[in-house]
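Subject: Handing over the structure

Dear colleague,

I am passing this structure on to you, and below it I have written out what was found. Please read the notes with the model open beside them.

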Amino acid sequence: MALYNFKKIMVVPTAKDFIDLTLSKTQRKTPTVIHKHYQIHRIRHFYMRKVKYTQQNYHDRLTQILADFPKLDDIHPFYADLMNVLYDKDHYKLALGQINIAKNLIDNVAKDYVRLMKYGDSLYRCKQLKRAALGRMCTIIKRQKQSLEYLEQVRQHLSRLPSIDPNTRTLILCGYPNVGKSSFINKVTRADVEVQPYAFTTKSLFVGHMDYKYLRWQVVDTPGILDHPLEERNTIEMQAITALAHLRAAVLYIMDVSEQCGHSLEEQMELFKNIRPLFANKPLIIVANKCDVKRIEELSEENQASFLFILYQGKLFKDFEEEGISVIETSTLTEEGVMKVKTEACDKLLSYRVETKMKGRKVNDVLNRLHLAVPSKRDNKERPPFIPEGALLRRKAMEVDIPKRKLERDIELELGDDYVLDLQKYWDLMNENEKYDKIPEIWEGHNISDYIDPDIMKKLEELEQEEDLREKAGEYESDTESEDEEMQEIRELARKIRQKKKLRILESKEKDVHGPRMPRTVKKVEKKTLEKEMSGLGIDMEDKSNSHYAVQARRSRSVTRKRKREASEAPASRTRSSSRPPRDVSGVRDAKMLKKVKQMMKNSQRDMNRMGKKGEADRHVFDLKPKHLLAGKRKSGTTDRR
Amino acid sequence: MMFVRNDCKIFRFCKSKCHKNFKKKRNPRKVRWTKAFRKSAGKELTVDNSLEFEKRRNVPVKYQRELWNKTVIAMKKVEEIKRKRQARFIMNRLKKGKQLEKEEDIIEVKKNIHLIRAPHAGKAKQLEDKMVQKLQEDVDMGEES
């Protein structure tokens, strides 16, 4: 249904904007580069594309406008009538028709020029054709300026119309201006309609929503209606009339008994009689507003009589099934009677709607499917509702104003400067006098509160008993078993052995071994060390005459005495003997040869010595001027170092 | 120091050594100097009545002066007993070591006695004495016969 899409109508651009938009779009979205020397079909295609593109754009936009705006024949008659009242049906239809024509014209133009373009034989000709086509399309749109403006205004106003659902439960408020319709709607719903002392404050329809019996109700506030014939009514009043005419709702005719609105009671009743035909088939309630100023009883006799006349008149009308129109006194200022009006109006409307539905044919289909289930009593036990005591007490406390307890803040204010925040007085302890104790917290790194236990003494006793038992069982006696002497001796020996081992290791580490590893027998052992060592091991060294080394020494002495005479024989053993000639004189015959030999030696050594070389094996070449240090530019780095 | 993790678990550290090890994600059960390792490896007393006194209780007890006084006294006694028991536990553990030490000493002595004492030290004298004694006996025997 197009009913609620009034807000979604596309924006109607002004003629100038429309043209600019479309042309710039064509410029951007179609290729722009073309040269004379291209092939003719390419040139033609290029320009045809531009024409078609522009036509397409215009066409789309205009179609959209035509589709978005509601057709007065398709929408609910209430809205159709409302739009007629507000925008003039003829004008509206005319504007849309113009747009339609414009669309068709543009299509035709494009078609013609595309056809002509087929016979264009140069770039210049095609370009001129395109220019003409675009120009004509834009002129067409320029001519629609007025329609477009009008439609834009209609669109803006349409989107701001209140969304009234014509099919749901509605209450309409009507009456003279300034009687209190807007105040009433403000009171009953969340709507916020302007209320002012001058007439025609409300210039259009307003909607408010309220809830009653778990249903949503619409309340429609209308502008005031004056008493003159239909033809002479202005737009504002016509809106009210339209609402009354088309919406199937309960009508609340509001009267001002105190005549503060500026119109007398007779005038109001005249109006009522004139509008009566509009109230046919609608539940009606007369609301006597502003009763805080004047009540019906206070009215003069004749006025009261006319009132009653109206009431009686209601009975004569056979259209009404009710016992007459109810008259309810209200005051939107003191809120007296407002609720009553609301409930009555809603009830009446509901019953009316239900009846109409029952009369219709659709109901029977539904009735067959409905079933109301009622719980039946299974025994005679009374089951009243249960409210817990606490809730009752609290409700009572809320109602009665109990004096509150004294707060800390009050105490603070009383004492002023002397006030000290002492939270410990609220503590709930077993003994009241312990409240201000200083509680120890830590002992030797342990938290005292970890040990707190009501049964601690009992547990401690048990523990101590256990401990006693253990002690008696001899667990805590020190274990230094009296080791027998043998064991101690062994220990002592082991200690000495370990020490000796360590010393030996140290000695061997201290040895300064440079030469080859010779077997032990090469090394000469001193007599003194041997004696010391052996005595250290416990052997008796006093009787040395029988010892092996002494015997050997005697034997060797005797041998060497003999051997001294035969000096020329070189000893067979490898041990060094004094009779071996040195290397530089061995094999030299005489002194002359010796001299020559020495000279030769010196000659061969001369060159080496001059060079300062160690020997003939010293062939090392020193790199005294390394390239990597002396060559190259001075790059990053200091210059005082080379 | 205190470290609060994203799952609201709080870790307290006594010194930066512990804190740094934690940050390195080391498992305390494998780091030898921690209490966690010692207790899990059975190097210290874990189950004992005296250890049950100091624990975190979730039921708060209202303050009572005499209870607190008694607790302070009891706490000191419990501490003493606890220490004794812990020491005993460790001592028992180390007894085995002493046994092994003894055996090792014996082996050492048997193997390496030659480093401090020559095997036949003093034996020469003994031999001599024996020979002298034998001679004397022979002489005596000869005299008798």
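**A pair of helices in chain A**

In helix α4 of chain A, the residues A:A102, A:L105, A:I106, A:V109, A:A110, A:Y113, A:L116 and A:M117 meet A:C126, A:L129, A:K130, A:A132, A:A133, A:R136, A:M137, A:I140, A:I141 and A:R143 of α5(A), where contact means heavy atoms within 4.5 Å. The residues of this contact comprise 15 nonpolar, no polar and three charged ones (Ala, Val, Leu, Ile, Met, Phe, Trp, Tyr, Cys and Pro count as nonpolar, Asp, Glu, Lys and Arg as charged, and the others, Gly among them, as polar). Helix α4 covers residues 89–117 and helix α5 residues 123–143, and they pack at an angle of about 175° with their axes 10 Å apart; axes are lines fitted to C-alpha atoms, for helices over the stretch in contact, and angles run from 0 to 180 degrees between N-to-C directions. The two helices are therefore roughly antiparallel, the term for angles over 145 degrees.

Before you go further, please note that this is a predicted model, in which local features need pLDDT of at least 70 and side-chain atom pairs count only at pLDDT 80 or more, while totals for chains, interfaces and linings use all residues. Residues are numbered from 1 along each chain as its sequence is written, chains are lettered from A in the order in which they are written, and side-chain values use heavy atoms, with hydrogens and water left out.

Chain A has 20 helices and eight strands, which are DSSP runs (helices H or I, at least four residues; strands E, at least two) numbered from the N terminus. Of its 642 residues, 31% count as buried, that is, under 20% relative accessible area, with exposed over 50% and partly exposed in between (1.4 Å probe, protein chains only).

**Where the chains meet**

In the contact between the chains, 49 residues of chain A touch 47 of chain B. Together they bury about 5,000 Å², 63% of it on carbon and sulfur atoms, buried area being the accessible area (1.4 Å probe) that two parts lose on being put together, summed over both.

Note on methods
Angles under 35 degrees count as roughly parallel, over 145 as roughly antiparallel, 65 to 115 as roughly perpendicular and the rest as oblique.
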